[in-house]
Amino acid sequence: MNEDLKQKNTRLIKKLMFVVLGMFGFGYALVPIYDVFCDITGLNGKTAEEAVQEGVYQVDVSRELTLEFVTSLNKKAPLKFSSEVKKMKLHPGKYYTVNFYAENLTDKKMLARAIPSVTPGLAAEFLKKTECFCFSEQEFKPLERKVMPVRFVIDPKIPERFKTVTLAYTFFDNTETSVKN
Amino acid sequence: MSANVAAHDDHHDHGPEKGIVRWIVTTNHKDIGTLYLAFALVMFFVGGTMALIIRSELFEPGMQFVDPQFFNSMTTMHALVMVFGAVMPAFVGLANWQIPMMIGAPDMALPRMNNMSFWMLVAGVLLLASTLFMEGGAPAGGWTLYPPLVLQTGDALPFAIFSVHLLGISSIMGAINVIATIFNMRAPGMTLMKMPLFVWTWLITAFLLIAIMPVFAGAVTMLLTDRFFDTSFFDAAGGGDPVLYQHIFWFFGHPEVYVMILPTFGVASTIIPVFARKPLFGYASMVYATAAIAFLSFIVWAHHMFTVGMPVAGELYFMYATMLIAVPTGVKIFNWTATMWKGAMTFETPMLFSIAFVVLFTMGGFTGLMMAVAPVDFQYHDTYFIVAHFHYTLVPASIFILMAAGYFWLPKWTGNMYNERIGKLHFWLSAISVNILFFPQHFLGLAGMPRRIPDYAVQFADWNMISSIGAFIYGFSQLLFVYIVIDTIRGGTGEKVTDEVWEDAKKHSLEWTLPSPPPYHSFTTPPEKIPTEHF
Ligand code: HEM
Ligand SMILES: [Cu+2]
């Protein structure tokens, strides 16, 4: 094969390898891009991961929304998990507190994490929590039962089309994998 | 002049090695092409056997032959073997044989890499097959490998993932080779817009491959670290999101289906003009349509995810973008039809398969269009309707065209004529049975039968039975093809074919100007004249 062609091939391979590596990186870049995209657009129903400051809102008594609560366990996590009420009517702008109960069914220490999710996704940014057990990992002593209050408000700016909002929590047993171990 | 050029070729002056060693160390494009094609044909039967296990179990409601876990392994492995072991390697095999001959080159640009990418493919597929014998069974969560389900795979998971890595590296090397060959090895006068469409479609496919295989490799690597190294890319407990996997997967997955169909389009555009005895209608528009499809394929991926709970804006965007793909695809169907229009057509086996492709692929395109409508896809999603859709776009399209390519070029490759009567029998059995096999699956899907289940409600019994009967006829008819291939290699009908094999084929593309069978190194002297019939 002549030298000229060899050189041309080598140069082309280098360029193409650059594309290959770039695309491998792009695959990983999709992870933060996805998070940022969802954050900006609020598409995936994630609520804020930290408590928001307790702001003051004008209570809108003319509107009433239904808020539903769903409690579930991932992969049969050995917990009992429920909420004080299954659903409630509420006014935007007013603060409410709802208790959640979780009980460790094992006689060992357990570290568990609850992940919230709101449906419809676009309503998530209007659900503001000032207190929630989901902000941090929960430590359960053997057979311990916890009462965990969630305090929240629905921002009155929530568009008219949202009549029913569902807040779901899933508890994950992280005892094996937690960094606190 | 010719001695002069040959002298440049330091390692090109000897013939093939003797015996089995020839096939292991070969760097010759024809040998490697043959290896790829033979391997793909074997895998076609391995994957086909799995399909027949699936169809046997579904012949009647109730559990008959296999347990559900193994059934699920079969659906998963059938898809992986067919996609990565049969269809993709078969097209790489065709590329190896045909691209150098079609652009007037002596060989592929990177012969040693060519050998390596073939053996890596074999390693990858063997590794994948070995998972069938592992503790916990082969992967059974579907070829899409969705977490969290796929993370429950037993010992097989890391092996399946490494196998995907190997297959990916092999495809990327193959793609780089194709691009280098097309960019750097074209004969003088063979400008880009004079290249046969098969070469064009492969060039675009190769770019698709180097863009998407790394992304897939990344996605499965994330699965691996999620399972073994405590990362949480897709694990909600650690702040990840399983839906993210679906986005990354389909960013690869949708272009991947076009990797399997674009070279199909290329072969069809090569065969139809020869038997219609007309130039291809709208050569330039074919090139642009291929490029447009390739571009669009990157921005429609979430039509596979209409039901994950995307907001309306997202559903609408992906719905319209997906429908847009039907436009360049329609251009192609139109051009093939216009090529045949008022042509002096004859119906040899390759042409029969190509015509069936145009008709049946169009049906697959239409069901695609139906599923592109987001609200109705909520009904079709994950039912047998989608199974019918993609099998219409893959079996009577990609597979039929691969068969057509076999009949079309085997006489060129071997110098012998195949048996036309058995060829036609193969065609008619395939064309009829493929419809008995897949058409009823539309009805099953619309009636609500989910995909990937080993047992079903009795109301689905009749169509499933018919579908299974079609499957067995189709599967066993393919043995005729094996017979014909072997028979043709060993002398065929005994009739020696001419250089151009098919009437006036020389006017369409360069390979027909070479002797049949062509010399071990294709064009050691560049061709003098480039055929321009396809303008
Ligand atoms: C007009 C062109 C096409 C359109 C509009 C289209 C549309 C779609 C849509 C909307 C789905 C998702 C359905 C669902 O999951 O509910 C789908 C699935 C699929 N399509 Fe197509 N399609 C087209 C052409 C093709 C072609 C050419 C191929 C392959 C050669 C193909 C292969 C597939 C495969 C394999 C799946 C299923 C993937 C899976 O879930 O396992 N499609 N198509
Ligand atoms: Cu798609």
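Predicted model: local features only at pLDDT ≥ 70, side-chain atom pairs only at ≥ 80, totals over all residues.
B:His381 has a side-chain N or O atom 2.8 Å from an oxygen atom of ligand 1. For B:Trp143, a polar side-chain atom lies 2.9 Å from an oxygen atom of ligand 1. A polar contact is a pair of N or O atoms within 3.5 Å.

## The shell around ligand 1

Ligand 1 is surrounded by 22 residues, each with a heavy atom within 4 Å of the ligand. By class, twelve are nonpolar, eight polar and two charged (nonpolar: Ala, Val, Leu, Ile, Met, Phe, Trp, Tyr, Cys and Pro; charged: Asp, Glu, Lys and Arg; polar: the others, Gly among them).

The element α11(B) gives the most to this shell, with six residues. Helices are DSSP runs (H or I, at least four residues), numbered from the N terminus.

## How α8(B) and α11(B) cross

The axes of α8(B) and α11(B) come within 9 Å and cross at roughly 125°. Axes are lines fitted to C-alpha atoms over the stretch in contact, and angles run from 0 to 180 degrees between N-to-C directions.

Residues of α8(B), including B:Phe265 and B:Ile272, meet residues of α11(B), among them B:Met351 and B:Phe357; contact means heavy atoms within 4.5 Å. This contact has twelve nonpolar, two polar and no charged residues.

## Conventions

Residues are numbered from 1 along each chain as its sequence is written, with chains lettered from A and ligands numbered from 1 in the order in which they are written. Local features need pLDDT of at least 70, side-chain atom pairs count only at pLDDT 80 or more, totals for chains, interfaces and linings use all residues, and side-chain values use heavy atoms, with hydrogens and water left out.

Technical notes
Polar contact = N/O pair within 3.5 Å; in protein donor to acceptor, adjacent residues only side chain to side chain. Helix = DSSP H or I, 4+ residues; strand = E, 2+ residues; numbered from the N terminus.
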